[in-house]
Amino acid sequence: MNWFWFALIALICWSGSDLFSKIGCCGEKDKTAHLKMVVAVGLVMGLHAAYMIVFHHVSVTWDVVWTYLPVSLLYILSMTLGYVGLRYIELSISSPICNSSGALVAVLCLCTGALSDYNGPQKAVILCAVGLVCLGVVGLGVVEAREDDDLRRRRQEHANRKYAKSWLAICLPVAYCLLDAAGTFADNRVIETLTAQAFDSGRFATLDECTKQVAASANCAYELTFLFAAVVCFVYVVLIRRDRLIPKKEAPKYLGAVCETAGQFAYIYAIADTEHLAMSAPIISSYCAASVLWSRLFLKEKLSWKHLSLIHISEPT
């Protein structure tokens, strides 16, 4: 499969992860739900890493783990903040804000000369798309903050949960967006570095084979780092705070973790194709469109025409 199909798989899986993570983290009384979500994701990712290492003979060295560590930490921190944010705002609003990170990646690529292969008109199209995304996200935050309280109550009348105005509700998705964009951009650079080192070692016959093996190693390194984060969170939540893990409440978290892991597996191969990063990143980020659909169907969230218009503008094209 080429980069497009991997990007599409990541889009589908991560929209499912959004839905199940929202269900698992939106409880008002559970103050550690976001950490329990980290435990679930880390456990599933750790199992997947073990499967890849044992059955697919993926090589993961300490050098790869340490080189990829800054990328892993950016992703883990952004996801943790995203899980916290799910308690304060509708999924159909937070997801478009969070996943506009692809537009920021395109800006970073442009600023660093990574789009030098594109001609003037192509760059103009990319800049216009990025501008629309930024306009939509900023407008979405303004509409959310200035929405009339009575209109908000009527809009949320049939929703599974009601939400009050809060700057924290906007700031957390924005923080996710910034950290995720930094992680995606750094991810591409680190993969390039690891690929060059591996190919120069003479262990691979073709550059394509080398790229795939490096992508698999980097993904396993990230999953093992997430497993470590899960262990730390488990110790804090279960052993220190003495919180109980109730299977019925934890089930959505693990369904979200499975979707997240599958999406991550596809994502790492999609962005490994460095020539198409400026296209694959916005495609993957557009999974929020599916998330908005799932939130309407299953969470009964209803947005105003202003919200919907701005979400439509902010969608990468």
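I began with contacts (heavy atoms within 4.5 Å), and I noted that residues 24 or more positions apart account for 85% of the contacts in the protein with a separation of 6 or more. I keep in mind that this is a predicted model, in which local features need pLDDT of at least 70 and side-chain atom pairs count only at pLDDT 80 or more, while totals for chains, interfaces and linings use all residues. Residues are numbered from 1 along each chain as its sequence is written, and side-chain values use heavy atoms, with hydrogens and water left out.

Overall form. I counted 13 helices and zero strands in the protein, taking helices as DSSP runs of H or I with at least four residues and strands as runs of E with at least two, numbered from the N terminus. The radius of gyration, taken over C-alpha atoms, is 20 Å, close to the 20 Å that the globule rule gives for 317 residues, so the protein is as compact as a globular protein of that length; the rule is 2.2 Å times the number of residues to the power 0.38. I also noted that the C-alpha atoms fill a box of roughly 65 × 55 × 25 Å along the principal axes.

Burial. I found that buried residues make up 52% of the 317 residues, where buried means under 20% relative accessible area, with a 1.4 Å probe and protein chains only. I looked up T211, which has its place in helix α9, and it is buried, with a relative accessible area of 16%. Leaving aside residues up to four places away in sequence, T211 touches T195 and A272.

Helices α2 and α9. I then saw that the axes (lines fitted to C-alpha atoms over the stretch in contact, with angles from 0 to 180 degrees between N-to-C directions) of α2 (residues 33-55) and α9 (residues 207-240) come within 7 Å and cross at roughly 140 degrees. By class, their contact has 20 nonpolar, four polar and two charged residues; Ala, Val, Leu, Ile, Met, Phe, Trp, Tyr, Cys and Pro count as nonpolar, Asp, Glu, Lys and Arg as charged, and the others, Gly among them, as polar.

Helices α8 and α10. Last, I recorded that α8 (residues 167-200) and α10 (residues 247-272) pack at an angle of about 65 degrees, with their axes 10 Å apart. The contact is made by T184, D187, N188 and I191 of α8 and by Y267, I268, I271 and A272 of α10. I sorted this contact by class into five nonpolar, two polar and one charged residues.

Definitions and conventions:
Buried < 20%, exposed > 50% of the residue type's maximum accessible area, 1.4 Å probe, protein only.
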